Amino acid sequence: MNRKILLGVLVLAFIGYAGWSFMDSVTPYVGIAAAQKATGNVQVKGLLDQKAEAPHMEGDYFVFTLQDEDTGESMPVRYHGTKPDQFDEAHHIVAVGTFRDGAFQSDKLLIKCPSKYEQQKGK
Amino acid sequence: MFGTIFLAITLALELCAVLCYAVRSEKMMRWGRELTVLSFLGAAAASVYLMVLIFSNRFDIAYVASYSSAELPAMYKFSAFWAGQQGSFLLWLLIHALAGVVLAFRQRLIHAGLSVYLGLQALLTILVLAKSPFVLQETAVQNGAGLNPLLQDPWMAIHPPIIFAGYALLAVPLAYAAGALLTGQTAREWLDRARKWALTAWAFLGAGIFIGGYWAYKVLGWGGFWGWDPVENSSLVPWLIAGIFIHVLRVARVREAALSMVHLAAIFAFSLVLYGTFLTRSGILGDFSVHSFSGSSIGMAIALVNALVLLAGLLLLIVRAKQLPQGEMYPSYDSREFVVLLGSLILMFMAAIVFLGMSMPLLTQLSGNPAAVDTSFYVRTLMPLAIVMMLCIIYACLHTYGSQQPIA
């Protein structure tokens, strides 16, 4: 009987831990205006702003300007890393990170390619 | 045009076969077998026809124009067959129908089970028809768009067929389980046969997942073998559940009380195959995955099929629950039965965690505030489970099953 209780407690503790971890890692999907106000990690989808300064490296950071497709707002993005492979052909860019010190500090970019190629692994 | 006709005939044959198998007579059973073979030939004819269309550069067909081009090498024309959603569903149907022929003749799957299996095949055929690869191109083009350069890789020739073989074969354990529930067949008559099919499906799906990981690492540059991308997760979850099926089945061979869990695992394994297909094919995840999916009208159809299979399966299990053997599932805590069941519980937690993570975009979209989980969630929660799992594996090796003789 004691072992059953022990097992139950362990399972409940794990569910609690998983729930906390889940809440902690949720990254909402927001527009540019909301991204600038958010405190935690968020995901922002947009296009490369063609009118702004061309994408370039600044030290360890790849810097470009992301524009909201619908509202036309834009914000600078500082991506910690080098220019992603398919960046130039990108159709949409999704940046994951937080807005801090006047720029969106991102450590993950999802690059969406043009719809000519339905890019999927046949799954 | 011919392709659609082949598919429509296939569907009609499958529905007739379902009815034949549903009648409990030796004569109708023979008819059912004939119809099963004919339905396979129908699906094969449609597949061959699509292949012919691709190789003869028929760019008036939308599917050929989207995935092939005149200058594409022969090997990639071959794999263009499953490069898109429509063709990959046809491939799934073809493998499912082929397994159906083997089941009807060699495996002594009970008539009710065959009826369920052909019913699933009919649902797949409807999905292929709903999103047909034989639709004509609206505007004429001189040459096709060609296969995505990323897909022009030898792995493309083998990865999707292996994954789809795994998906298709997971329907077989479900058919055995449903057949047994419908007829009151005893475990001795079906457990061992279902086990062999489940092992085969599990091996195919596992191999497909590993190959996919290697491919992603080598060519696609998604950053490592495994990126917890929804597309990867959607094939991992059914694989984990199929793992539960295989393990609780082993326990059920010595402890009949575990049979209800075998049934549950069979229902969920195939339902989650459908759910994963729904998630990745409906376009819902378009913003959350490195894959870009074209939004498509087929999402709703897959969701309906998924709900139908899951609800019908669970309902059948609830209705028959009283007839299933009851009792203790393990003799003591230091028995192998207990450790294997504990391991299955861990697999279930793992599947639930990945399921929750990959469903997050869908769930939050319904509430109006779309969100996704960071991949650190998977690592943080699965790591402790994996460690406990390894301890379970060691512990299980040191113990034997209870002294009872195997029942199946």
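Modeller: Let me start with a helix pair: H8(B) passes H12(B) in a left-handed crossing. Do keep in mind that this is a predicted model.

Colleague: Thanks, noted. At what angle do helix H8 and helix H12 of chain B pack, and how far apart are their axes?
Modeller: The angle is about 40 degrees, and the axes of helix H8 (residues 171-183) and helix H12 (residues 298-320) of chain B are 10 Å apart.

Colleague: And which residues of H8(B) and H12(B) meet?
Modeller: From H8(B) there are B:Leu174, B:Ala178, B:Leu181 and B:Leu182, and they meet B:Val309, B:Leu316, B:Leu317 and B:Arg320 of H12(B). Sorted by class, that contact has seven nonpolar residues, one charged residue and no polar ones.

Colleague: New topic. Where is B:Phe164, and is it buried or exposed?
Modeller: B:Phe164 sits in helix H7 of chain B. Its relative accessibility is 2%, so B:Phe164 counts as buried, the cut-off being under 20%.

Colleague: How far is the C-alpha atom of B:Phe164 from that of B:Leu205?
Modeller: 7.7 Å separates the two C-alpha atoms, while B:Phe164 and B:Leu205 are 41 residues apart along the chain.

Colleague: Okay, what about B:Ser132, where does that one lie?
Modeller: Look in the loop of chain B between helix H6 (111-130) and helix H7 (154-169). B:Ser132 counts as buried because its relative accessibility is 10%.

Colleague: What does the side chain of B:Ser132 reach?
Modeller: The backbone nitrogen of B:Phe134, at 3.0 Å. If you leave aside neighbours within four places in sequence, B:Ser132 is also in contact with B:Thr4 and B:Gln86.

Colleague: Let's talk backbone. What is phi for A:Asp101?
Modeller: Phi of A:Asp101 is positive, about 50 degrees, although this residue is not a glycine. You'll find A:Asp101 in the loop between strand S6 (92-100) and strand S7 (103-112) of chain A.

Colleague: Why does A:Asp101 count as exposed?
Modeller: Because its relative accessibility is 73%, and exposed means over 50%.

Colleague: And over in chain B, what is phi for B:Asn57?
Modeller: B:Asn57 has a positive phi near 50 degrees, and it is a residue other than glycine. Its place is in the loop between helix H2 (26-55) and helix H3 (62-67) of chain B. With 28% relative accessibility, B:Asn57 counts as partly exposed.

Terms used
Residues numbered from 1 in each chain as written. Chains lettered and ligands numbered in written order. Predicted model: local features only at pLDDT ≥ 70, side-chain atom pairs only at ≥ 80, totals over all residues. Heavy atoms only, no water. Helix = DSSP H or I, 4+ residues; strand = E, 2+ residues; numbered from the N terminus. Buried < 20%, exposed > 50% of the residue type's maximum accessible area, 1.4 Å probe, protein only. Polar contact = N/O pair within 3.5 Å; in protein donor to acceptor, adjacent residues only side chain to side chain. Contact = heavy atoms within 4.5 Å. Axes fitted to C-alpha atoms, helices over the stretch in contact; angles between N-to-C directions. Left-handed = near helix turned anticlockwise from the far one by under 90°. Nonpolar A, V, L, I, M, F, W, Y, C, P; charged D, E, K, R; others polar.
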